[in-house]
Amino acid sequence: MKTSSKMPAANGKICVAPSILSADLWRLGEEVHTVEQAGADWLHVDIMDGHFVPNLSFGPSVVSSLNGKTILPLDVHLMVEKPMLFVEPFAQAGADLLTVHIEAKDEIVNTLKSIKNLGIKTGVSIKPNTDPARLEPLLDLVDLVLVMSVHPGFGGQAFLPESQSQIRQVRQLITQSGRSIWLEVDGGINAKTAPLALTAGADALVAGSAIFKAADPVLALKQIRQAAPDI
């Protein structure tokens, strides 16, 4: 288990986090090395349990295999029905940040406190139809808020334009809290949609298919970063 996290505090920088959900798992080490060398900031790992979302993805062994093999912080997103079952195994595997859904079945405050007690960064995520106001009582417990700009469960979906309103509301809540909290957006992010999320208030972008399915992943990552408007 990590005694400290590589995940920095929110600092005004725009971060890009490639999601390995879209990587070629046959060449995972090579793919991770490629985005690392291209200047990725974090590595996003989507965990799905087949209950909270209708899909299955990775277990703690994948995070463990990445831990120590990459310099990138491991940004682990738990799309699971009962996150308390997963928190300790993924912390032990080497996650730098664990994000759980406010819509999950386990009580969210206890879940976030459990993550914090393990000495790693905490995140909370909301689906497209969730009222951002539900986040307000949790902001003292988190280092990151993740807004899903697609309905979670599958990679390769298109960015939902209505997500911009959600992102703006979350940014306002973070600003009012006076805390240093990352606002991450995940879903349909590419060079065309990145400015929509960033203008609305995001400062961290998850991109899967747009990077790993691109003919040139290095160029695709750089184009997403360069697409940031002058904000």
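Guide: Let's start with a term we'll need: a nonpolar core is a set of buried Ala, Val, Leu, Ile, Met, Phe, Trp, Tyr and Cys residues joined through side-chain atoms within 4.5 Å. Keep in mind that what you see is a predicted model.

Before zooming in, here's the setting. The protein chain has eight helices and eight strands. Its radius of gyration is 16 Å, close to the 17 Å that the globule rule gives for 231 residues, so the chain is as compact as a globular protein of that length. Of those 231 residues, 55% count as buried. The largest nonpolar core holds 63 residues, and Ile 20 and Val 185 touch the most other members. There is also a second, separate core of 13 residues, with Met 7, Trp 42, Leu 146 and Ala 204 among them. As a general point, nonpolar side chains tend to be buried together in soluble globular proteins.

The spacing makes sense if you remember how helices turn: an α-helix has 3.6 residues a turn, so residues three or four places apart point the same way.

What lies over that buried side?

Carry on past the end of the helix. Just after helix 4 you reach Gly 119, which takes a positive phi of about 85°.

For contrast, hop over to Lys 192, in the loop between strand 7 (182–186) and helix 6 (194–200). Lys 192 is exposed, with a relative accessible area of 74%; a residue has to be over 50% to be called exposed, and under 20% to be called buried. Lys 192 also shows you how the chain brings residues together: Gln 223 is 31 residues away in sequence, yet the two are 9.2 Å apart in space, C-alpha to C-alpha.

Conventions: Residues are numbered from 1 along each chain as its sequence is written. This is a predicted model: local features need pLDDT of at least 70, side-chain atom pairs count only at pLDDT 80 or more; totals for chains, interfaces and linings use all residues. Side-chain values use heavy atoms; hydrogens and water are left out. Buried means under 20% relative accessible area, exposed over 50%, partly exposed in between (1.4 Å probe, protein chains only). Helices (H or I, at least four residues) and strands (E, at least two) are DSSP runs, numbered from the N terminus. The radius of gyration is taken over C-alpha atoms; the globule rule is 2.2 Å times the number of residues to the power 0.38.
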